[in-house]
Amino acid sequence: MTINYSRSLVNQSLIIKRCTHEIQTARYQYHDFLSIGIVEGGSCIANVDKVRHIKKNTLVIIPSQLVHWCQPMDIVNWRYTMLYIASNALEFQFNQPMTIKLTSRQMQQVKMIMDSAIYELDILTKIINVLDNEEISSFRTVNLAENMETRRFESVQRYISNNFHSERNVETLANISGLSKYYFTRLFKETFHISPAKYLMNYRMNRAVKDLLDNTNLSMSEIAHQNGFFDESHFDKLFKQYHGVSPKKYQLQLS
């Protein structure tokens with residue numbers, strides 16, 4: 001049972017994750033990366049655009065900041081490869097998730113591209129060119145249309161980005177939004193598909209990932225502290241639940 005991370009040798013904004021026979025905690029989460037992956041063996045129940053059964057030879061594309069979760073159904077055969085691409089490195093923005101059933105030939109081509117990802121540039125373009133699917137044209141947009149519901153919480157998101165490292169409760173966030181705690185929590189969850197508390201935890205986790213990648217001079221204790229975790233042990237436990245490996249192992253694999 002293994003989960004391994006590697007980083008492209010020619011494109012530092014690209015991270016490759018390979019998982020074999022490993023079940024992670026099914027957590028609602030979002031990333032600061034575009035996620036694109038293939039299910040190579042087994043199947044899973046996942047919430048990407050909706051809850052669905054995702055089977056072998058399926059390509060999954062998850063835009064940055066999209067809340068999702070996944071739970072494998074067959075640990076013996078479960079195997080997938082996922083690419084994480086920094087949003088600021090993309091020529092196009094991506095505004096919707098997709099699950100595409102690949103033909104055997106497409107699967108073989110995409111797998112070859114992913115297997116060579118550590119040495120190649122323009123991996124995403126190469127994968128999209130393999131698809132030859134009309135749906136993909138609606139997937140790429142130069143500019144994202146602003147979402148009215150999301151804009152309602154801009155002040156809350158701004159506050160979180162400036163104060164994520166400090167302990168904050170739902171009442172504080174509700175006061176900033178000008179809504180009651182109950183209505184704020186319900187409306188926030190309807191908009192982002194995640195509770196305010198879990199949104200904040202994901203924000204901290206994403207910031208910790210950035211520190212692990214960019215600030216290798218910091219200790220695990222320093223990273224935990226400056227990103228709002230109780231202590232190094234708390235950080236280590238949660239990181240394993242989100243990423244399948246310890247933060248130290250994650251950093252070593254990607255250094």
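**Entry 1, H5 and H6.** I began with the contact between two helices of this predicted model, and I found that Val 170, Glu 171, Leu 173, Ala 174 and Ser 177 in H5 meet Lys 181, Phe 184 and Thr 185 in H6. I then looked up the geometry: the axes of H5 (residues 170–177) and H6 (residues 181–192) come within 9 Å and cross at roughly 85°. Because angles of 65 to 115 degrees count as roughly perpendicular, I recorded H5 as roughly perpendicular to H6.

From H7, I listed Met 201, Asn 202, Met 205, Ala 208, Val 209 and Leu 212, which meet His 234, Phe 235, Leu 238, Phe 239, Tyr 242 and His 243 in H9. The residues of this contact divide into nine nonpolar and three polar, with no charged residue among them.

Which residues of helix H10 are buried? In this helix, residues 247–254, I found Pro 247, Tyr 250, Gln 251 and Leu 254 buried. Viewed down the axis of H10, these buried residues fall within an arc of 95°, so I noted that they line one face of the helix. I recalled that an α-helix has 3.6 residues a turn, so residues three or four places apart point the same way. Finally I looked up what covers the buried residues of H10, and the cover includes strand S1 (2–7), strand S2 (14–20), H7, helix H8 (220–226) and H9.

Methods:
Residues numbered from 1 in each chain as written. Predicted model: local features only at pLDDT ≥ 70, side-chain atom pairs only at ≥ 80, totals over all residues. Heavy atoms only, no water. Contact = heavy atoms within 4.5 Å. Helix = DSSP H or I, 4+ residues; strand = E, 2+ residues; numbered from the N terminus. Nonpolar A, V, L, I, M, F, W, Y, C, P; charged D, E, K, R; others polar. Buried < 20%, exposed > 50% of the residue type's maximum accessible area, 1.4 Å probe, protein only. Arc of directions from axis to C-beta. Axes fitted to C-alpha atoms, helices over the stretch in contact; angles between N-to-C directions. Parallel < 35°, antiparallel > 145°, perpendicular 65-115°, else oblique.
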